[in-house]
Structures are given as C-alpha cells and as structure tokens.
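Dear colleague,

I am passing on the structure we talked about, and below it you will find my notes on what turned up in it. Please read them with the model open beside you.

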Amino acid sequence: MSFPDTSPLGRRRFLTVSAGAALAATALPGCAASVDDSGSGGGGKTTLTVMSVENEMDKKTIKAAEAALGCKIKLVLYDTTKLNAMLASKTPPDVVRGLGATDTPYFAARQVMTELDPYFAKSKALKVADLDPVNDVWRFDGKKQGTGPRYGMAKDYSQDSMFWYRTDLLEEAKLDLPSETEPLSQDEWLDMGKRLVKRRLGKVKVYGVNASGLSTFCTIMGMTASAGGNLFAEDLASVDFSSPEALKALSWYLEYARADIGPNVANPNPDGWDWPTYQAGRMAMAGDGYWFGGSIGGDAKLAKVSRFAPAPQLGSHRISPCFGATGYWIPQEAKNKDLAWKFFEWYFGGKPAQERAASGWGIPTLKSLHAKMPQSTPFQKQAYKVQQQELEHFSILTFSPYAQLTALDAAINKVLPGAIKSKTSAGKIADQLNAAMNKQLANGKKVLG
C-alpha cells in the first residue's frame with residue numbers, strides 16, 4: 001500500500017505508533033527542551049542540534065564542523081526512546097544518526113523525514129550520479145525500500161555477513177583457509193567454528209566464531225534470503241519463521257547457539273563487542289563486515305594474521321546484504337534544514353568523508369572516493385580485493401515500515417534464551433516468534449492505516 005503525501009504525524013498519533021514513546025514522553029520531560037527552540041547559540045550563531053554517538057561526533061569533529069559551517073553544534077546522544085519522544089513533540093534534532101537499512105521504512109512511512117531529492121538536485125558537493133548503490137536503502141516509495149524519494153545518506157557501509165578470521169588459529173587447528181572468491185556454506189562455517197572453539201573446565205576460552213552479526217533478527221533474515229525465501233510477507237505486515245527457508249535459518253542459529261562456540265542471545269560476549277576478544281586471540285572468526293578492518297589495521301601484528309572472506313550462504317541464492325548503512329537524516333520538523341544540508345555536504349562530501357575513506361573503517365558511499373580505500377599493506381590489499389569482488393552480490397532486503405528493529409530484536413531476546421537452554425523445538429520457537437512479532441506489526445499497520 002502507499003502512503004499519502006500529507007503533513008507529518010501529530011503528537012498523539014506518533015506516540016501511538018512508536019513503541020515505548022508514550023512512556024518516554026513522561027519519563028524524559030527534558031528531552032524536548034534539550035533542543036534550542038530559538039535556533040541560535042551564544043554570540044548570535046545558529047545552533048545545529050545533532051543526535052549522534054560520541055565516537056562519531058567527538059570534540060574534534062564538532063570543532064571542525066563549527067569552523068566549516070560557522071555555527072554552534074549541540075550534540076544529543078542517540079537514544080531510540082528519546083528520539084521517538086522528540087519527534088512526537090515536534091522538537092526534533094536538526095540531524096539524526098540512523099541505520100538506513102532498517103530505519104528508513106519506519107520513519108519515512110510516518111512522514112517524519114525530510115525528502116532530500118530537492119537538496120541533491122541543487123548540490124555541487126553531493127551528486128546523485130556519484131552515490132554508491134547502498135544509499136538506495138535510504139529510499140522508500142511507501143511500499144518497498146530501494147526506490148522512491150531519498151530520505152538520508154550513509155556515511156560508510158559494509159556487507160555485514162562477511163567475516164574476518166585469524167590464520168594463526170586456523171593453522172593451529174589444521175584447517176584450510178577459506179576461499180577469497182567462493183563463499184563457505186553456513187554449515188561449513190559452523191563446522192569450522194566447532195573445530196576452532198577452545199574450552200577450559202567446561203567454559204569457552206577461545207570462541208570458534210561469532211555468527212551473531214549486528215542483529216539476531218537481521219542475521220536470520222539474511223540467511224532466510226540466502227535460502228531463497230523472505231522472512232517478511234510480501235506486504236511487510238507480518239513475518240513467518242515457519243516457512244521452510246526461515247525455519248532452516250532459525251534451526252541453524254539454534255544449533256550455533258546450543259553448540260556454545262560463539263556469542264549468542266543466551267550467552268553474550270562479556271567484552272560487549274568483537275574487537276577486544278578478537279585482538280586478544282580469544283575469537284578465531286568474527287562475523288563483521290569490512291569496517292572491522294579499521295581496527296585490525298591499527299595492530300600490525302594482528303594484521304599479519306588476519307584475512308577477510310565472503311559471506312557464508314545458507315542456500316544457493318547468493319546474497320551479501322548490508323544491515324546498517326549508518327548515516328544521517330533530517331527530520332521534517334527540524335528548525336534548521338538548510339544548515340543541516342550544509343552539514344551533509346561537509347560531512348558526506350568534504351574532508352571528513354575523505355578521511356573516513358582512507359581509514360578502512362567502511363566502504364565510502366560516494367563512488368568517487370572508492371579509490372581512497374587503503375591498499376598499501378598486504379592486509380589492506382587482501383581485504384580490498386575480497387571486498388571489491390563481494391560488491392557484485394550486494395542486495396537490498398526490504399525492511400518493514402510497521403515496527404522498529406529494536407522491537408523485533410527485543411522479541412527474539414525474550415523468546416530465544418530460554419528456548420535455547422530448554423532445547424525447545426525450532427517449530428515451537430517459530431510459532432512464538434510469529435505470535436510476538438506479528439502482534440507488533442499488526443498494531444503498526446493499524447495505526448498507519
């Protein structure tokens with residue numbers, strides 16, 4: 001179904017749509033007031049409010065942005081609940097960090113994002129012809145992702161089902177190194193993980209593999225697509241974990257989790273993320289995209305024993321999607337849209353973009369910057385070669401506009417841990433996930449109409 005081009009949703013309707021936003025509006029009364037209603041900072045300069053994370057908008061970046069744009073930058077730390085409340089009260093930040101792959105349909109359907117096509121049409125710094133295809137995840141035509149108006153832009157991206165591995169640990173286990181061109185099957189990858197895991201007194205000392213990815217829901221969604229199916233129904237209003245393809249993906253994840261060879265929803269990595277574990281030699285294979293090479297490249301000894309590999313496949317339908325495409329968008333009710341666009345041109349097309357491209361912390365989202373990807377060391381050359389070959393298999397998996405990823409992952413986090421430990425059958429787990437998620441999706445569809 002399509003969504004009419006009407007004014008943005010009012011406060012009451014958006015609060016109804018956004019899970020938890022009504023609670024947030026009462027629990028966080030100061031969040032709307034944190035935005036400078038006047039739009040001006042000290043000394044008469046306009047204040048641009050950016051909702052982001054500290055490691056992206058650190059003091060150095062903020063200072064550079066203020067110098068380049070001639071304004072004050074106010075950082076609001078990203079929080080989903082806070083964002084929903086600010087949008088509902090029509091006092092949003094001017095620029096919002098988001099995941100294009102999963103956020104775009106939800107917010108675009110609620111008409112709280114600014115269409116950026118008119119800005120791109122006039123821009124000299126950001127040309128549509130120069131946009132990497134990944135930026136299409138920031139498009140939504142009311143029915144599916146990848147077409148229609150542009151609502152944001154990615155700062156960089158990775159194909160998130162690819163993985164890194166330590167040659168020293170594979171060689172120690174007498175395992176052949178993965179091919180740089182032909183993907184492993186998910187079963188082959190799982191078998192390698194089982195052979196690489198190391199235990200002491202019944203506890204994991206070295207993880208064989210982390211196959212959890214950026215999100216458990218997205219991990220299963222990607223495997224289902226590789227098997228030739230779709231987790232979402234055609235109208236995106238429901239999920240079906242009971243389909244043959246989805247059940248195969250769910251069963252694979254259950255076997256992975258129950259084997260206890262890597263971090264999972266029932267037994268998370270105490271380090272919080274893969275880098276410290278991988279660097280310390282306590283993880284043999286890390287299911288992370290190209291961006292992870294930015295960390296590896298900073299450790300010369302580790303770089304010598306690290307390699308990049310294509311995304312494993314559950315079936316014969318080879319895909320290599322992006323579940324992030326992290327970038328920024330401009331709310332419909334933003335007070336400083338033109339200044340926000342100038343921030344876009346500086347951040348996505350200026351010096352920050354060039355520095356990111358050369359860092360190895362992700363694939364540039366302007367095609368003209370691909371040549372700046374690092375290729376000076378043997379480690380960088382191998383990663384670049386594998387990544388360039390993998391681009392041929394990039395695909396967009398349309399996400400539903402009826403629920404946020406955080407809500408769907410919350411359902412998984414509620415159902416799976418106990419089911420994994422109790423060895424509940426995949427079929428029963430599929431029924432529980434269908435019931436929980438389809439209720440959320442139905443509520444979202446009812447509100448949108």
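The buried residues of helix H16 are Phe 379, Gln 380, Gln 382, Ala 383, Tyr 384, Val 386, Gln 387 and Glu 390, and the elements that cover them include strand S8 (163–166), helix H12 (293–296), helix H13 (300–304), strand S12 (306–309) and strand S14 (363–364). Please keep in mind that this is a predicted model. Helix H16 itself runs over residues 378–390, and its 13 residues reach 18 Å from the first C-alpha to the last, close to the 18 Å expected at 1.5 Å a residue. As background to that list, an α-helix has 3.6 residues a turn, so residues three or four places apart point the same way.

For the chain as a whole, there are 18 helices and 14 strands, and the C-alpha trace spans about 65 × 50 × 40 Å along its principal axes. A compact globule with 449 residues would have a radius of gyration near 22 Å, and the chain, at 22 Å, agrees with that. Of the 449 residues, 56% count as buried. Among the contacts with a separation of 6 or more, 76% are made by residues 24 or more positions apart.

Next, the aromatic side chains. The count comes to 31 aromatic pairs. In one of them, Phe 163 and Tyr 165 have ring centres 6.1 Å apart and planes at 45°, so the pair is tilted; Phe 163 counts as buried at 0% relative accessibility, and Tyr 165 counts as buried at 2%. In another, the ring centres of Phe 217 and Phe 241 lie 6.4 Å apart with the planes at 70°, so this pair is edge-to-face. The latter pair links distant parts of the chain, given that Phe 217 belongs to helix H9 (residues 216–226) while Phe 241 is in the loop between H9 and helix H10 (244–259), 24 residues apart. Both Phe 217 and Phe 241 are buried. There is also one aromatic cluster formed by Tyr 119, Phe 120, Tyr 328, Trp 341, Phe 343, Phe 344, Trp 346, Tyr 347 and Phe 348.

Two arginines are placed over aromatic rings: Arg 110 lies over the face of Tyr 106, at 3.6 Å from the ring centre, and Arg 166 lies over the face of Tyr 278, at 5.9 Å from the ring centre.

Turning to charged pairs, the count comes to 15 salt bridges. Lys 198 forms one with Glu 172, and their closest N and O atoms are 2.6 Å apart. This pair, too, links distant parts of the chain, with Lys 198 in strand S9 (residues 198–200) and Glu 172 in helix H7 (residues 167–172), 26 residues apart. Lys 198 is partly exposed, with a relative accessible area of 30%, whereas Glu 172 counts as exposed at 51% relative accessibility.

Within helix H8 (residues 186–196), Asp 191 and Arg 195 lie 4 residues apart, about one turn of the helix, and their side chains meet in a salt bridge at 3.9 Å, N to O. Asp 191 is partly exposed, with a relative accessible area of 37%, and Arg 195 is partly exposed as well, at 48%. Helix H8 also contributes Lys 194, which is joined to Glu 255 of helix H10, so that the pair ties together parts 61 residues apart in sequence; the side chains of Glu 255 and Lys 194 meet in a salt bridge at 2.7 Å, N to O. Glu 255 is partly exposed, with a relative accessible area of 39%, and Lys 194 is partly exposed with 35%.

Beyond these pairs, salt bridges that share partners join Glu 56, Arg 97, Lys 155 and Asp 156 into one network. Where does Glu 56 sit in the chain? Glu 56 is in the loop between strand S1 (47–52) and helix H3 (59–69), and it counts as buried because its relative accessibility is 12%, the cut-off for buried being under 20%. Leaving aside residues up to four places away in sequence, Glu 56 touches Thr 61, Arg 97, Lys 155, Thr 326, Tyr 328 and Tyr 347. Among these, Tyr 328 and Tyr 347 are members of the aromatic cluster described above.

Definitions and conventions:
Residues numbered from 1 in each chain as written. Predicted model: local features only at pLDDT ≥ 70, side-chain atom pairs only at ≥ 80, totals over all residues. Heavy atoms only, no water. Helix = DSSP H or I, 4+ residues; strand = E, 2+ residues; numbered from the N terminus. Expected span 1.5 Å × (residues − 1). Buried < 20%, exposed > 50% of the residue type's maximum accessible area, 1.4 Å probe, protein only. Contact = heavy atoms within 4.5 Å. Phe/Tyr/Trp six-rings, centres within 6.5 Å; stacked < 30°, edge-to-face > 60°. Lys NZ or Arg CZ within 6 Å of the ring centre and 35° of its normal. Salt bridge = Lys/Arg side-chain N within 4 Å of Asp/Glu carboxyl O. Rg over C-alpha atoms; globule rule 2.2 N^0.38 Å.
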